[in-house]
Amino acid sequence: MTSTNRTGPDARPDVPTAEPDHTLLARLDAVDARPDAVRLRARTYALLAEAEAEAGGAGGEDGDAPFGPVLDVGCGAGLAVAELAARGVRAVGLDLDPRMLAAAELRHPTGEFRRGDAHAPPFADASFGGYRADKVLHESADPAAVVAQARRVLRPGGRIVLTGQDWDTILVDAADPALTRTLVHARADRVPGPRTARRYRALLLDAGFRDVRVEVDTWVVVDGSLLPLLVGLAESARANGTITADGCRAWIADQRERANADRSFVAVPMFVAAGTRP
Ligand SMILES: C[S@@+](CC[C@H](N)C(=O)[O-])C[C@H]1O[C@@H](n2cnc3c(N)ncnc32)[C@H](O)[C@@H]1O
């Protein structure tokens, strides 16, 4: 992550001067700026707002307008908290990682951020009208416990919205499909819950949510912008011995060639599930 120097020639008063050098943050920034990511976040806000529509547009009992408050679990650098605030919705960001919270507080000084674990969020029962977790549940080995806690902190009629990718289901066009499958699955195996997204519906139903539905928004990336991620995918598989150095080199060369020749193709189905707390 490059930090911005406010006194330099590229000074931008709206950007904090010091952010942690944090690889995940840099990757998230790149992903979250994509138009398809902007669209997906907007969809999550619309699904959260259905609580208000169902309640006849009354908003929260504590007067929050137009719905909420919303707990954004695994808030990262606080983008959704800020976007919800811009829509007039009070949102609280919760994250385990102090570096993420530091970035969130720098970027959004008026935002409300708390450190805590999605498995034991530090909030009273029925505190929220909305609960959102974007690219987070795959990081839990016990997503059912996270969803049970989501139900606890939501008040009756409150909405939960989960979104994220299924790590086994990332499509990459490549000259060597077998090696590609190995790479994608090796990366998936490093995630505690690689297939949690395909279980969102079951998780919500099992936790007693009603009106549960699932949508998918497939991100198709053909501009080569995911090349650094693809290179990382291959290099980490080589580093842990899943593929050979020669296989790694050839796969990366193929991906570079595709990017240079405008023949890159990566597709990532992003699942979105929503439900209402009875
Ligand atoms: C991939 S990032 C997504 C961040 C943000 N939601 C976004 O869409 O840009 C996952 C975030 O979840 C946080 N996280 C992971 N496990 C968590 C847990 N058990 N409780 C709270 N936050 C968690 C990580 O620290 C990280 O900031």
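Helix 8 and its surroundings

Q: Which residue follows helix 8, and what is its phi?
A: Gly241 follows helix 8, and its phi is positive, near 85°. Helices (H or I, at least four residues) and strands (E, at least two) are DSSP runs, numbered from the N terminus. This is a predicted model, in which local features need pLDDT of at least 70, side-chain atom pairs count only at pLDDT 80 or more, and totals for chains, interfaces and linings use all residues. Residues are numbered from 1 along each chain as its sequence is written, and side-chain values use heavy atoms, without hydrogens and water.

Q: How do helix 8 and helix 9 pack?
A: Helix 8 (residues 227-239) and helix 9 (residues 245-260) pack at an angle of about 175°, with axes 9 Å apart. Axes are lines fitted to C-alpha atoms, for helices over the stretch in contact, and angles run from 0 to 180 degrees between N-to-C directions. The two helices are therefore roughly antiparallel (angles over 145 degrees).

Q: Which residues make that contact?
A: Contact means heavy atoms within 4.5 Å. Among them are Leu230 and Arg238 of helix 8, and Trp251 and Ile252 of helix 9.

Q: Which residues of helix 8 are buried?
A: They are Leu227, Leu230, Val231, Leu233, Ala234, Ser236 and Ala237, where buried means under 20% relative accessible area (1.4 Å probe, protein chains only). These residues pack against strand 6 (171-172), helix 6 (177-188), helix 9 and strand 8 (266-276).

Q: Changing topic, how many disulfides are there?
A: The search of the whole structure finds zero disulfides (pairs of cysteine sulfur atoms within 2.5 Å).

Q: Is Cys248 buried or exposed?
A: Cys248 is buried, because its relative accessible area is 4%.

How values were computed:
Parallel < 35°, antiparallel > 145°, perpendicular 65-115°, else oblique. Buried < 20%, exposed > 50% of the residue type's maximum accessible area, 1.4 Å probe, protein only.
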